[in-house]
Every structure is written in C-alpha cells, then in structure tokens.
Amino acid sequence: MSTPAAPSTRTGHSAPLAPAAAPAVAAPSLPPSPTRSPTRSGGGGGDIGRGYWPTVLAVASAGVMLPFSVTGAAVALPNMAAQLGSSTGSAQWMLNAFNVTFAALPLAAGGLADRFGRRRVLLTGIALVGAMSLLVALAPSTALADGARAVQGCGAAAVLASGAAVLAHATSGRRRQLAFGLLGSSFGTGLAIGPPLAGTMVELAGWRSVFLLVAVMSVPAWLCATRAPESRNPAGTALDLAGPAAFTAGLACLSLAFVRAGAAGWAAPGTLLLLTAAVALVVLFAAVEVRLGERAMFDVRLFRRPEFAALVCQPFTVTLGFVVLLVYLPAYLQGVAGRSTSASGLLLLPMTAPVLLLPLAAARLAARTSVRAVLTAASALIVVGALLLTTLRGDGSWPALALPLLPFGVGVGLAFGVMDNAAVGTVPVENAGAAAGIFNTMRITGESVAVAGAAALLTTLTSARSAGGGLSSEAATRLAGHAVQGRVDEAHRAALAEGFTGAFHTLGLVLAALSALGTVLTWCALAPRRSVNRSRAPRP
C-alpha cells in the first residue's frame with residue numbers, strides 16, 4: 001500500500017492509486033496536462049475554483065477509508081468470527097473476498113472510468129464501499145458478510161482507479177502537488193491509525209462499530225465527490241473484458257486453494273486441483289493480454305525492461321511481510337498472548353508510524369543518493385526485521401515486540417517513498433500510465449496473495465506443532481485455524497501458544513530469505529546500464 005502513481009497517458013486506461021503514501025512524491029511524475037476542458041475529455045489540469053477543495057476532500061476521505069477497510073476488518077475478525085459462530089474457512093473469506101476483488105479489478109475499473117466518466121465511477125465506488133460496510137455491520141451471518149465484502153472490494157477498486165485520475169484531470173501546478181500530497185497523507189493516516197482505532201472501537205462498542213464507521217465516513221466523501229468535475233476519454237478503445245475475467249478467476253482459485261490447504265492439507269486433491277486451475281487461468285490471462293497488445297489493460301511488454309520487472313517485484317519482497325504482520329499479528333496478540341483488542345492495535349505502532357512519517361524523507365534521500373540505494377536499504381531492513389521475528393514471544397514486553405516491528409516499518413516507509421515513481425520512471429513517458437497501473441495491480445495482488453497464503457502457512461505450521469497431547473490431527477487443524485484468527489480457548493492455550501509462536505518464527509525465516517533475494521535482485525537490476533554509457537562515449 002503506497003504512493004498514488006502517475007495518471008495514465010495511454011488511451012483507455014486510468015492509472016490507479018494505491019494506499020499508504022508519501023506526501024508530494026507522486027506529483028513530479030505526472031505528465032503535462034493538456035489544455036482541453038476537464039469536463040469533456042481525458043485532458044484537464046484546469047482551475048476548478050470552488051470545486052477544488054470538495055474534490056480533494058472527497059478523494060482524500062476515500063483514501064482514509066480504503067486502508068481502514070483492510071486493517072479494521074483484520075482487528076475485528078476474532079470478535080466477529082466468535083460472535084457469528086463462523087467456521088475457519090468462512091471467517092477467512094471475510095478478508096479474502098475483499099482482497100480478491102480489490103486486487104483484480106482496478107485496471108478494469110479504470111477503463112470504465114475513462115469511458116463512462118471518472119467522477120461517476122468514483123461516486124459509485126464510494127457508495128459501494130459505504131453501503132457494503134453498513135451491510136457487514138448489520139449482517140446476521142458470516143455468509144452475508146463475506147458476500148458484502150466481495151462487493152465492497154469492487155467499490156474499493158473503483159475508488160482506487162478513479163480517485164487519482166479525478167485529481168490529475170482537475171488540477172494543475174502547485175494545486176496538483178498539494179492535492180496529491182494530501183491524498184498521500186490520508187492513506188498514511190488510514191494505515192497508521194487503523195489498528196489502534198479499530199481495536200479501541202471493538203473493545204468499547206463491538207466489532208460492528210468498525211464497519212459502521214466506514215459507512216459513516218462514506219457519506220461526506222460521496223457528498224464532496226458530487227462537486228468534482230466530470231472527465232472521460234472520448235477516444236477510449238474497447239474494454240478488455242477477457243483479461244480481468246481470467247485474472248479475477250485465477251486469483252479467486254488461488255485464494256480458495258490456500259483456504260483449502262489450511263483445512264485439508266497442501267497435498268489434498270482439492271487443493272492441487274485449485275492450484276492447477278489458478279496457474280492455468282493466470283497463463284490464459286497472460287496469453288490474452290499478449291494477443292491484445294496495445295489494447296490490453298495489462299501491457300506485459302513492459303516486463304522486457306529488467307529494471308521495471310525488479311521494481312514491480314518490490315511489493316512482493318518489501319510489503320509482503322508488512323501486510324502479513326498487519327493482519328495476523330493482532331490475532332496472535334489477542335489469542336495467544338491474551339492482550340486486549342485495543343492493546344493489540346497500539347502495539348503495532350512501531351511498524352505503522354514510520355510508514356506515515358518516512359516516505360517524504362525517503363524521496364529526499366533518494367534525490368541525494370539514488371533510488372537503487374534507498375530500495376536496497378529498505379529490503380535489507382526487512383531482512384533484519386524478519387530475522388528478529390524469530391524472537392517473538394506472546395508474553396514478551398513491548399520493547400521486545402517493537403524490536404522486529406521497527407525495522408519492518410522503517411524499511412517499508414523508505415520503500416513507499418520511492419517505489420511508485422521509480423517504477424513509472426523506468427519506462428518511456430508514453431507508457432507511464434500503463435506502468436503505474438501494472439505496478440499498483442501487482443502490489444495489491446501481492447498483498448491479497450500474502451494474506452491468503454500466510455493464513456494457510458500459519459495454520460499448517462501451528463497445527464503440526466500443536467498435534468499430540470490428546471489432540472487428533474483434525475482437532476489440531478481446527479484449533480490452529482481458530483488461533484490464526486485470534487480465537488484460542490483456555491484449555492488449549494499453552495499448546496497453541498507454542499505452536500503459533502513457532503509458526504511465526506518459521507514465517508520470519510521465509511520472509512528473510514525472500515527479502516534477501518529481493519535485496520540482491522534490486523541492487524543488480526537497478527545498476528546503471530553500461531551499454532548506455534558506451535553508446536554515449538565518443539567513437540574512435
């Protein structure tokens with residue numbers, strides 16, 4: 001979750017923005033705005049007068065809602081699952097359903113925004129996020145909550161795809177820089193305050209209050225968005241429907257496979273069948289996008305540039321562990337450590353606060369050194385934090401918990417300050433929009449896969465370590481699934497605490513290996529090109 005990237009310069013695509021941001025980082029990569037009226041074309045940059053602040057407030061308010069919809073739901077999940085009597089799988093889909101649609105649909109929503117109007121798609125997205133959050137708050141069953149969360153993810157994708165485009169096509173100059181700076185700050189604020197605020201609300205008013213708050217927040221955001229100018233791209237090409245359909249289906253199959261693996265094992269026929277289907281659908285998606293060429297929503301040709309490919313993989317090596325801890329560490333602290341919901345949220349501040357404070361400093365540091373140096377250092381810090389995760393204990397003190405979380409927060413905060421603009425800057429300016437869209441899609445997809453995959457891995461490892469002591473394999477798996485969601489009964493607390501803690505230690509080693517690989521690849525892929533220097537050298 002990071003900085004809003006540059007708006008699209010390609011026909012038919014609006015580049016999405018992404019949560020958790022660096023103030024005033026995105027603006028320098030914005031392409032020059034045409035002088036056409038923002039109300040009738042894809043260009044803009046005009047002065048919208050009194051509509052400026054309502055437009056900025058609308059997009060910024062929506063920017064707070066998106067990360068809170070992720071972190072707040074994760075903190076509320078243990079209480080929600082216990083009160084609704086949810087099974088492990090159905091409770092997990094409260095997170096996965098939102099993540100799948102949120103990850104798969106931003107580029108498709110961007111195409112709709114270009115064709116039917118960016119303000120219209122923004123209004124629709126805000127309304128869906130708010131209405132579905134209200135439905136979750138009132139849901140009498142987990143099945144209804146899961147369905148509402150899937151639709152809410154569609155709304156979040158629409159907001160993601162249209163919010164930055166609305167600002168980019170309605171502002172210019174310093175007003176644009178201010179607008180994107182405020183947007184970035186709103187994402188960082190939503191991410192930083194999400195866990196402690198949600199924890200306090202769950203403790204004082206119950207889990208439903210978390211979703212009610214999102215619904216309430218959507219009302220002023222929607223009203224302000226009605227004042228935003230409309231813009232569209234009248235020359236947009238035909239919508240790419242086959243690509244998003246294959247991508248969404250593949251991501252859903254992968255999430256289903258992870259849920260199935262946590263319950264039945266990785267070698268179960270159902271798990272293997274779903275994994276095979278996911279791979280086949282992703283291959284089909286790639287084939288469709290290659291065949292469509294310039295009309296594709298996902299321009300795979302950009303991956304021919306090694307530096308772009310390395311930067312696109314950054315979210316997998318930098319933010320993957322951050323997201324996993326953001327979602328599952330509160331459950332560990334509540335279930336195994338027996339801490340209150342509000343305390344669990346506050347304990348995440350060493351990790352979330354740097355993400356709010358560091359991105360702007362990271363951009364300045366990169367200007368003095370290099371993007372290569374900053375991103376390599378960020379990955380190295382994640383390695384340190386992941387290794388220190390092996391010291392995690394449920395009964396540990398606050399400083400002991402902060403020890404691994406602080407390197408995670410500093411590393412991710414530094415990366416968030418430069419990743420987006422660096423990805424856009426590695427391609428020609430005419431491909432900036434496509435690069436931003438691909439980068440944001442890969443980031444959100446990585447986060448979605450991380451949330452689903454980590455649940456399966458933690459459940460499997462906890463179950464393996466907790467088996468025995470009179471527990472059957474089936475009972476150990478069931479209790480491990482509940483523990484990963486923060487539900488631990490007193491009779492099995494000791495066994496589950498040892499198993500869950502050991503699972504986190506193993507996860508730390510996996511994350512450290514992945515981030516170490518990312519550190520090396522980043523350093524190598526972003527090295528200055530020698531061929532460029534040779535081509536500029538005078539001929540003999």
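This is a predicted model: local features need pLDDT of at least 70, side-chain atom pairs count only at pLDDT 80 or more; totals for chains, interfaces and linings use all residues.

User: How many helices and strands does the protein chain have?

Analyst: The count is 20 helices and 0 strands.

User: OK, and what share of the residues counts as buried?

Analyst: Of the 540 residues in the protein chain, 60% are buried. The accessible surface is about 19,800 Å², and carbon and sulfur atoms account for 67% of that.

User: Let's go inside. How many residues are in the largest nonpolar core, and which have the most contacts there?

Analyst: That core has 127 residues, and the ones with the most contacts inside it are Leu95, Phe211, Tyr328, Leu329 and Phe504. Helix α1, residues 52-84, gives the most to this core, with 17 residues.

User: Pick Phe504. What is it in contact with, leaving aside neighbours within four places in sequence?

Analyst: Phe504 is in contact with Leu325, Tyr328, Leu329, Tyr332, Leu389, Leu392 and Leu458. Two of those partners, Tyr328 and Leu329, are also on the list of residues with the most contacts in the core.

User: Where is Trp53, and is it exposed, partly exposed or buried?

Analyst: Trp53 is in helix α1. Its relative accessible area is 43%, so it counts as partly exposed, since that value falls between the 20% and 50% cut-offs.

User: Now α8. What span does it reach, and what is expected?

Analyst: Helix α8 covers residues 242-264, 23 residues in total, and reaches 32 Å from its first C-alpha to its last. That is close to the 33 Å expected at 1.5 Å a residue.

User: What follows α8?

Analyst: Gly265 does, and its phi is positive, near 105°.

User: And Ala257, is that one buried or exposed?

Analyst: Ala257, which is in helix α8, is buried because its relative accessible area is 0%, and the cut-off for buried is under 20%.

User: What is Ala257 in contact with, apart from neighbours within four places?

Analyst: Thr271, Leu274 and Leu275. As for Ala452, Ala257 is 195 residues from it in sequence, and the two are 9.0 Å apart in space, C-alpha to C-alpha.

How values were computed: Residues are numbered from 1 along each chain as its sequence is written. Side-chain values use heavy atoms; hydrogens and water are left out. A nonpolar core is a set of buried Ala, Val, Leu, Ile, Met, Phe, Trp, Tyr and Cys residues joined through side-chain atoms within 4.5 Å. Buried means under 20% relative accessible area, exposed over 50%, partly exposed in between (1.4 Å probe, protein chains only). Helices (H or I, at least four residues) and strands (E, at least two) are DSSP runs, numbered from the N terminus. Contact means heavy atoms within 4.5 Å. The expected span of a helix is 1.5 Å times one less than its number of residues. Accessible areas come from the Shrake-Rupley method with a 1.4 Å probe; for residues, only the protein chains shown count as cover.
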